[in-house]
Amino acid sequence: MNPSERSLNLTVAVLGGGLQGCCIALALANRGQDVVLFDRQSDILTRTAVANEGKVHLGWMYAADPSMSTARVMIEGALAFAPFLERHLGASPESFTTSEPAAYAVHRESQHGVCEVKAYFAALHSLIAEASAGRRDDYFGRDLSLAPRQWSDVESLAAFDPSDVLAVFDTPEVAIDPIELASRLRAAVVAHPRIDMRLEHEVESASENRDGVTVATRMGEARRKERFDHVVNALWDGRIALDRTMGRDPGRAWIHRLKYGVSFTWPENRPRPPSVTFISGPFGEVVSYPDMTTYLTWYPSCVLDYSRAIVPPTWATHPDEPFRSKVVDDTISSLGAIVRALRRIEPDGLQDLRVKGGTIVAWGETDIDDPESELHKRYEIGVHSWGRYHSVDPGKLTMAPFFAEICADRIARIG
Ligand SMILES: Cc1cc2nc3c(=O)[nH]c(=O)nc-3n(C[C@H](O)[C@H](O)[C@H](O)COP(=O)(O)OP(=O)(O)OC[C@H]3O[C@@H](n4cnc5c(N)ncnc54)[C@H](O)[C@@H]3O)c2cc1C
């Protein structure tokens, strides 16, 4: 850490104890700032941060953005992820559980044909190779110089139903186990002497004053206003609403989507599916971890509600029965129609079966079945600052560590 960055002591409120808020809290505290971290829940890292499949995106998903702007942003975020963990958790990237690298499979109903996907992958590979040259350790020890290999027909036929899958490519993209990540991040935040946590605090508004920003919170019936040198809004699905209390309106459309994922321990002695993402459109993925944890999503079975309200409804993170079983059955049967290994899986009796959901916040008006939807382009995210108020839209888990460093540097610079 640069000693000049340490000398400035500010008190910063970080609003939201998800992945983004916790990364920002650590980045600030390790630069010598005092942090007060607010969340409405009784613990940090209980919401979207632990409801996702943990892909550290390198851009393979975004063939619908041939400008490569989304890919460029994701590559930058992905290459900053492991170094952040090393710097702020003191943990080697190899000590985190990462998935088998993902194959990308072009679905029969893909919005982009095999030739188009191949051309996009070739361009993407050049970008990744260039950005990662000499930085092998920065993406969990994976060799990003290797070009994506197309599977032979025999390989593809062994794993997938050929009527649904047109072509399959190996990529080096991995997912990081979000539960383990959250647990190690939580331990670091809780133990940090410069981070004070205010749990069960609902953040109601923020307002600028002469030399800082005032935050209004409510705990039970008790309301309180406090002034901070800087305030960082990392509220994810509460972010747009809080910005509005500061008089900042995005001036564009957004969609909140409720998405569930299904995870379980793969049964012993059964052939495992590869980690695979089906593109491009409303499909899904399988993420296989070496410890047999398997994570599934299938868009039509897992994306189950939408909201254009400024604050989305309080969606259940753990759905009740019979809804929960329906998500499990529909996801396994839909993916099982394509992925051979999943056909032999009976939902009853699966060990460690979990269905967990969270909100995905994104700009746009239409869903991803529209090839023109803004949801296919995810680069207009990041740290927006108005004086001493900073609003951080991570867009993806992938980007949270990268934006945390940007935000903490900016605050140190402003002073
Ligand atoms: C099913 C699913 C799969 C996903 N898969 C991936 C993936 O593979 N790769 C990827 O890069 N991204 C993925 N994402 C997106 C990623 O999870 C999110 O971008 C990221 O977790 C959001 O940031 P966060 O962790 O800070 O949000 P959260 O964990 O939701 O944190 C926000 C915090 O703010 C608190 N809060 C909100 N409003 C208030 C308020 N008014 N007062 C007090 N506290 C408040 C909440 O309690 C919460 O703790 C996925 C998302 C979902 C739902």
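**Exercise 1. Determine the strand order and the pairing sense of the sheet that contains β7.**

Solution. Step 1: the strands, numbered from the N terminus, are DSSP runs of E with at least two residues, and helices are runs of H or I with at least four. Two strands count as paired if DSSP finds at least two bridges between them. Step 2: in this predicted model, where local features need pLDDT of at least 70, side-chain atom pairs count only at pLDDT 80 or more, and totals for chains, interfaces and linings use all residues, the order is β6-β7-β8, an open sheet of 3 strands with antiparallel pairing. Residues are numbered from 1 along each chain as its sequence is written, and side-chain values use heavy atoms, with hydrogens and water left out. Step 3: β6 (202-209) and β8 (222-228) are the edge strands, each pairing on one side only. Step 4: neighbouring strands are turned by 20° against each other on average, direction ignored; the axes are lines fitted to C-alpha atoms, for helices over the stretch in contact, with angles from 0 to 180 degrees between N-to-C directions. Step 5: β6 pairs with β7 (residues 212-219) in the antiparallel sense over 7 bridges, and Val203 has Thr217 of β7 as its bridge partner.

**Exercise 2. Describe the sheet of 6 strands and identify its edges.**

Solution. Step 1: the order is β5-β2-β1-β9-β17-β16, and this open sheet has mixed pairing. Step 2: β5 (195-198) and β16 (382-386) each have a single partner strand, so one side of each is left without a neighbour in the sheet. Step 3: from one strand to the next, the twist averages 20°. Step 4: β1 (residues 11-15) and β9 (residues 230-233) pair in the parallel sense over 4 bridges. Leu15 has Asn233 in β9 as its bridge partner.

**Exercise 3. Locate the cavities and classify the residues that line them.**

Solution. Step 1: a cavity is a set of points, on a 1 Å grid over the protein atoms alone, where a 1.4 Å probe fits but cannot get out; lining residues have an atom within 4 Å of a point. Grid points are joined across faces, edges and corners, and a volume is the space filled by probe spheres set on the points. Step 2: the whole structure holds 2 cavities of 30 Å³ or more.

Step 1: the largest cavity contains about 40 Å³ of space. Its lining includes Lys55, Ser99, Glu100 and Thr277, and β11 (276-279) and β12 (284-288) each supply at least two residues. By class, this lining has 6 nonpolar, 3 polar and 3 charged residues, where Ala, Val, Leu, Ile, Met, Phe, Trp, Tyr, Cys and Pro count as nonpolar, Asp, Glu, Lys and Arg as charged, and the others, Gly among them, as polar.

Step 2: the second largest cavity, of about 30 Å³, is lined by Arg239, Ile240, Val361, Ala362, Trp363 and Asp393. Two or more lining residues come from each of α7 (239-245) and β15 (351-363), and β15 gives the most, with 3 residues. The classes are 4 nonpolar, no polar and 2 charged.

Notes: 1 Å grid on protein atoms, 1.4 Å probe; cavity = no way out; pocket = protein on both sides within 12 Å on 5 of 7 lines; lining within 4 Å.
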